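This report concerns the model shown below.

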Amino acid sequence: MSNQNSLAVDMQGITKRFPGVLANDNVDFQLKRGEIHALLGENGAGKSTLMKCLYGLYQADEGDIFIYGDKVKINTPNVAINKGIGMVHQHFMLVQPFTVAENIVLGSEPTKNNMIDMKKAIQDVEKLSEQYGLNVDPRAKIHEISVGMQQRVEILKTLYRGADILILDEPTAVLTPQEVHELIEIMESLTNEGKSIIFITHKLKEVKSIADRVTVIRRGKSIDVVDTADATTNELANMMVGREVILEVEKSAAEPGEVILEVENVHADNDRNLPALNGTSFQVKRGEIFGIAGVDGNGQSELAEVMTGLRKLKSGKIMINGKNITNYSTRDIIESGVSHIPEDRQKRGLVLDFSLFENMILGSHYKPPYASGVNMNYSSIKKESKRLIKEFDIRTPNEEVLAKSLSGGNQQKVILAREFNRNPELLIAAQPTRGVDVGAIEFIHKRLVEQRDAGKAVLLISLELDEILSLSDRIAVIYEGKIVDILDIKDATEEKLGLMMAGAESETVVEGGE
Amino acid sequence: MSEEKNIAIKKEENRYYEMLANFIGPFISVIAGLLVGAIFMLSIGRSPLTAYAVLFNSAFGSLAGISETLVNTTPLIFTGLAVAFAFRTGLFNIGGDGQFLIGYISAAWVGYIIHVPMIIHVPFAILFGIITSGIWGGVAGLLKAKLGVHEVITTIMMNYISLYLVAYLAGGPLKGATFLPATKKIFDSAKLIKLMPNIRGSRLSIAFILALLTAYLIYYILWKTTIGYEIRAVGLNSEAARYSGIKAAKNMILAMFISGGLAGMAGITQVLGLQHRAYQPFGFIGYGFTGIAVALLGKNHPAGVVLGAFLFGILQRGSMQMQSIAGVPKELVQIIQAIIIFFVAAEYIFKYIAHKLKENKGGVTSVE
């Protein structure tokens, strides 16, 4: 069968419609046997939709799917699994208190005398793990192992069910740079064993370093299929966005002034009442962008929350402009000159069922010129909103539109407009470009640098190491709620930061010489 | 680039359709309720045409009829507003009946305990009733805000507390000297002015005008003031409200206070405008619960609430005469009300069907 067809997957003319939206428009996609094939596109370009059609989560309205040359109809994930297709989702689907082996066999447990044969399960997992160099302990509990390990468990789960074709949905989003390297090795050993891999991403660098070929999708159409060796990242970016993009952030050297934010030995718990910040300390100066790098879940969210009055400190001190604002209310902190771009714009940054003009004044709604006494002054609110829509290039028919009608990038611009409009001394930007397309990223980065150049302070919290590296003047690495070290941008490299993000001190990093 | 804008315009168009559906939906539900009611009437051998003619006639056929319809409408406007207002903060006030009774007994007490000129007496009785019933509702808001106790549980429980409390007060400490299980009669200075004094037997008082003014006031608070802005923000996304420095707890307590006061107004006007004394209650009259239906029918908008209350006022007014003249049991009106609510609540099903129909037509216009 292999001689007659070297294609593991052949999707022809896939069209998928949703009400009012054409998510996939006559898309062709071909995965060769044994290759790593990247599916590159911006958020909402239609790459996930295409893969969901392949995995049986959606059904294409038009088009045919061939697996190893056989035409198939995949209406459920079970059919996909039977055809040897496995998918690793961006958000893991693991039972936390279960062991690795229990999770892997879940749903297709080996049995002996109608009882689960755990011994065999563990042996099976060990064998698979060894075969592909995955190096996981079948007896470990999920909540005890790292995110990178959990991802391997997800990969093992698909292999255990006999997957030949693996779909990895944005697999690197949750990993440290080192873990990314390890994942690349695993992917290579998988393809050496004859597996074929589809790798969904919007990160250009990874496409170059991981994939053999890449299919670029833009606005539901497949734009091109190229060998990654033949394309530069800039070319890929242009294909993805459909116009010239400047990937580099242009900025001059920082001219830091006096200290504006002091965070001193802060301790705080997370939502589950477990310690999240364990003695965090740092200072941010005027005229600099101070980046906080780290793997997700090391206290970044809690840090942004204690600084904005959304979470109580257990101990420690936070000063703004020399004023102690520890455990101040959110409104008092905003009044002290702090603006906050929250990490989750839909959950926190916007009232989605409010119109744009109502969202534009959230947090300043009680003050002139937006209100006099208890009366809202909607005519001046709308006037100001119109001005901001223009200034921040928010693509909307008018200011009366509900926030939920806008695209992700434009929603983010609404938040940006509002927070910049307060003219803050300190801007806390948490994941300011998450889920935003390349064009909007450019814009947001430019505005952050402008804020810095205006002599204001910017605290940038981001999981994207590239973003931290290209914007920050100084970088602090947070690990388990503590600042591991603070580096000047000229001393910071991806490798160094990566090791620190995994908890290594900077001295050992230097000595390690990696 | 402009495609993004197109999507936003498209979604915006959908929003206008949605707003249109907000008007049409309840209208269709009412028609459906009447139609299903007709089927029931036919099944017991009565003529729905006669029955509905009687219903219409009794509600609108005479000035006295209209007056009585509006009397029935008045408390429902208040309790409907109470439910709608709380709902805007994301809270479900099921305690309307309890708050009604607290307002009822409070106003009666002020009505006979002091004797001052009407210009002071009436406002004071109203204000006192609003404060007590507002606190009664506010307690549920406080428990929710500070301890996270669900307001549905607390307001239901407080309904029973208020029922037995008011029953005790009206039959005990506050009982009048007569044989009636009720408080003393309020002074004339506490009574609300009649609107149609020339119509014989008309019970309609300025309570109805007060209800309309209150509806406008609630509209104004919700959409023209910072209080309303904050309350709606909390109701739509309490996380975002908190993030922007709005105190969700404060707004929950405030909203439940106002909601309680609104339901209390139904009781207050009942005493000052109609009964002129508080009778010992033996069960809930049900204005609070009907208020939920009214708010649902009115899409939690003050104008919708007024219309919803009016409809229910008509139905209640007509039910008696439907029984005596057309031979249709008056409980049938309750069936009709229930079916209307069923259809309003089941609107999701209609939306789903409409959505499916649109999808089949292939309304594909733009790309994301």
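## Domains of chain B

Chain B is divided into domain 1 (1-44 + 329-368) and domain 2 (70-326), with bounds that come from an automatic or database domain assignment. Across the boundary, 12 residues of domain 1 of chain B are in contact with 12 residues of domain 2 of chain B, a contact being two residues whose C-beta atoms, placed from the backbone, lie within 7 Å.

On the side of domain 1 of chain B that touches domain 2, the elements giving two or more residues are α1 (2-43) and α13 (331-345) of chain B. Of these, α13(B) gives the most, with 7 residues. By class, this side of domain 1 has 9 nonpolar, 2 polar and 1 charged residues; Ala, Val, Leu, Ile, Met, Phe, Trp, Tyr, Cys and Pro count as nonpolar, Asp, Glu, Lys and Arg as charged, and the others, Gly among them, as polar.

## Basis of the model

The model is predicted: local features need pLDDT of at least 70, side-chain atom pairs count only at pLDDT 80 or more, and totals for chains, interfaces and linings use all residues. Residues are numbered from 1 along each chain as its sequence is written, while chains are lettered from A and ligands numbered from 1 in the order in which they are written.

## Overall form of chain A

Chain A has 18 helices and 24 strands, which are DSSP runs numbered from the N terminus (helices H or I, at least four residues; strands E, at least two). Its radius of gyration is 25 Å, close to the 24 Å that the globule rule gives for 514 residues, so chain A is as compact as a globular protein of that length. The radius is taken over C-alpha atoms, and the rule is 2.2 Å times the number of residues to the power 0.38.

## An open sheet in chain A

In chain A, 4 strands form an open antiparallel sheet in the order β14-β13-β16-β17; strands pair if DSSP finds at least two bridges between them. Strands β14 (275-285) and β17 (323-324) of chain A each have a single partner strand, so one side of each is left without a neighbour in the sheet. Strand β16 (residues 315-320) of chain A pairs with β17(A) over 2 bridges, and Ile320(A) stands opposite Lys323(A).

## Helix α17 of chain A

In helix α17 (residues 494-501) of chain A, 6 of 8 residues are buried, that is, 20 or more other C-beta atoms, placed from the backbone, lie within 10 Å of their own. Among them are Lys496(A) and Leu497(A). Just after α17(A), Gly503(A) takes a positive phi of about 105 degrees.

Note on methods:
Buried ≥ 20, exposed ≤ 12 C-beta atoms within 10 Å, placed from the backbone.
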